[in-house]
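The model is shown below.

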Amino acid sequence: MITDVRAPLEHQQPYSTAYEQMLERVRYEGAYPTRERADKAVRQVLAGLGRQLTGDERVDLAACLPLEAARVLTVQIPDPQPLGGWAFVKDLATRNGASLATTRWDTGSVFAAVTAHAGPDLITRILHQLPTGYALLFGRAELTPAA
């Protein structure tokens, strides 16, 4: 089942306090004008991440997130071939009809909030699982071995 991230907000149930706090963090990080815009970014980016992440890291991340965010992440079926970081942004932009710049901004804003919930150790594990290119999206340096 794929979550329809475009469902009208008036048809949704009230959010938990933890999710409200997450939305406020994303709203602040992304300088979004409304909570609804932050919610849209969270749903789109977490749905995309849910298509990339598998295993214990997926389960552990879902356990760290507010229930509403965890549902968006875990309802997605992981792709058999995960995308690299830039391909991830391009895929999100295509799916959501947004520009690459806006999608990159949304991704960084949401991943900053995800990092606050997950902590550095889990984010490191997630980055080790995903293909290259995600570290910058999570606000970290992309380290590569010397040739």
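Arginine 35 is partly exposed, with a relative accessible area of 29%; in this predicted model, buried means under 20% relative accessible area, exposed over 50%, and partly exposed in between, computed with a 1.4 Å probe on protein chains only. Arginine 35 forms a salt bridge with glutamate 24, and the closest N and O atoms are 2.5 Å apart. A salt bridge is a side-chain nitrogen of Lys or Arg within 4 Å of a carboxyl oxygen of Asp or Glu. Helices (H or I, at least four residues) and strands (E, at least two) are DSSP runs, numbered from the N terminus. Glutamate 24 is also partly exposed, at 30% relative accessible area.

Residues are numbered from 1 along each chain as its sequence is written. Local features need pLDDT of at least 70 and side-chain atom pairs count only at pLDDT 80 or more, while totals for chains, interfaces and linings use all residues; side-chain values use heavy atoms, with hydrogens and water left out.

**Salt bridges**

The whole structure holds 9 salt bridges. Side chains of opposite charge can pair when their charged atoms come close.

Arginine 37 is partly exposed, with a relative accessible area of 22%, whereas aspartate 106 is buried, with a relative accessible area of 5%.

Because arginine 43 and aspartate 39 are 4 residues apart in helix H2, about one helical turn separates them. Both arginine 43 and aspartate 39 are buried. Elsewhere, salt bridges that share partners join Glu20, Glu24, Arg27 and Arg35 into one network.

**Helix packing**

The protein chain has 7 helices and 0 strands, in the sequence pattern α-α-α-α-α-α-α. Of its 147 residues, 39% count as buried. Among contacts in the chain with a separation of 6 or more, 65% come from residues 24 or more positions apart; contact means heavy atoms within 4.5 Å.

The axes of helix H5 (residues 85-96) and helix H6 (residues 100-118) come within 9 Å and cross at roughly 110°. Axes are lines fitted to C-alpha atoms, for helices over the stretch in contact, and angles run from 0 to 180 degrees between N-to-C directions. H5 is therefore roughly perpendicular to H6; angles under 35 degrees count as roughly parallel, over 145 as roughly antiparallel, 65 to 115 as roughly perpendicular and the rest as oblique. H5 passes H6 in a right-handed crossing, where the near helix is turned clockwise from the far one by less than a right angle (left-handed if anticlockwise).

On the H5 side, the residues in contact are Trp86, Phe88, Val89, Lys90, Leu92 and Ala93, and they meet Leu100, Thr103, Arg104, Thr107 and Phe111 in H6. By class, this contact has 7 nonpolar, 2 polar and 2 charged residues. Ala, Val, Leu, Ile, Met, Phe, Trp, Tyr, Cys and Pro count as nonpolar, Asp, Glu, Lys and Arg as charged, and the others, Gly among them, as polar.

Helix H3 (residues 55-64) packs against helix H4 (residues 67-74) at an angle of about 155°, with the axes 8 Å apart. This angle makes H3 roughly antiparallel to H4. Arg58, Leu61 and Ala62 of H3 make the contact with Ala70, Leu73 and Thr74 of H4, a set of 4 nonpolar, 1 polar and 1 charged residues.

**Loop residues**

Alanine 31 is in the loop between H1 and H2 and is exposed, with a relative accessible area of 62%. Its phi is near 55°, a positive value in a residue other than glycine. Most residues other than glycine have a negative phi.

Isoleucine 77 is in the loop between H4 and H5 and is exposed, with a relative accessible area of 64%. Not counting residues up to four places away in sequence, isoleucine 77 touches Gly50 and Arg51. Isoleucine 77 and threonine 54 are 23 residues apart in sequence and 9.2 Å apart in space, C-alpha to C-alpha.
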